[in-house]
Amino acid sequence: MVRLYADEQYPYPVVELLRTLGHDVLTVQEAGKANQGIADSDVLAFATNENRAVITQNRQDFFRLHRIQPDHAGIIACTNDRNWEALANRIHEAIALEESLPGKLIRIVRPAI
């Protein structure tokens, strides 16, 4: 099980599927931080303080944050994929390959059709 923090635009169906796979996923909404225009750096800081890896589709901004703030609890950056189950399974499999997530940037890419 991994502790994750889903950013504000992350698809909730994927959150639910990750939970069924045994992951502890907290959403921005559940943390009471929705609709506040919180900067991505603050999202990452909150997740790090909570010992949670951020899960996001905001790839560009979090790639940049990883370069300038490498001391984090992990970032899982995903391409957009409407096949929620396949996306959740790819995330689950990628996490399983890692011994730990702190300081790592994991890229989850939708396979070509």
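Which residues does Val54 touch, not counting residues up to four places away in sequence?

**View 1. Val54 and the residues around it.** Val54 touches Tyr5, Val43, Leu44, Ala47, Phe62, Gly74, Ile75 and Ile76, leaving aside residues up to four places away in sequence; contact means heavy atoms within 4.5 Å. This is a predicted model: local features need pLDDT of at least 70, side-chain atom pairs count only at pLDDT 80 or more, and totals for chains, interfaces and linings use all residues. Residues are numbered from 1 along each chain as its sequence is written, and side-chain values use heavy atoms, with hydrogens and water left out. Val54 lies in strand β3, residues 53-56. Strands (E, at least two residues) and helices (H or I, at least four) are DSSP runs, numbered from the N terminus. Val54 counts as buried because its relative accessibility is 0%. Buried means under 20% relative accessible area, with a 1.4 Å probe and protein chains only; exposed is over 50%, partly exposed in between.

**View 2. Thr56 in strand β3.** Thr56 is at 0% relative accessibility, so Thr56 counts as buried. Its neighbours in contact include Tyr10, Phe62 and Cys78.

**View 3. The aromatic pair of Tyr5 and Phe46.** The structure holds one aromatic pair. Tyr5 and Phe46 form it, tilted, at 4.9 Å centre to centre and 50° between the planes. The pair links distant parts of the chain: Tyr5 is in strand β1 (residues 3-6) and Phe46 in helix α2 (residues 40-49), 41 residues apart. Rings of Phe, Tyr and Trp (its six-membered ring) pair if their centres lie within 6.5 Å; planes under 30 degrees apart count as stacked, over 60 as edge-to-face, the rest as tilted.
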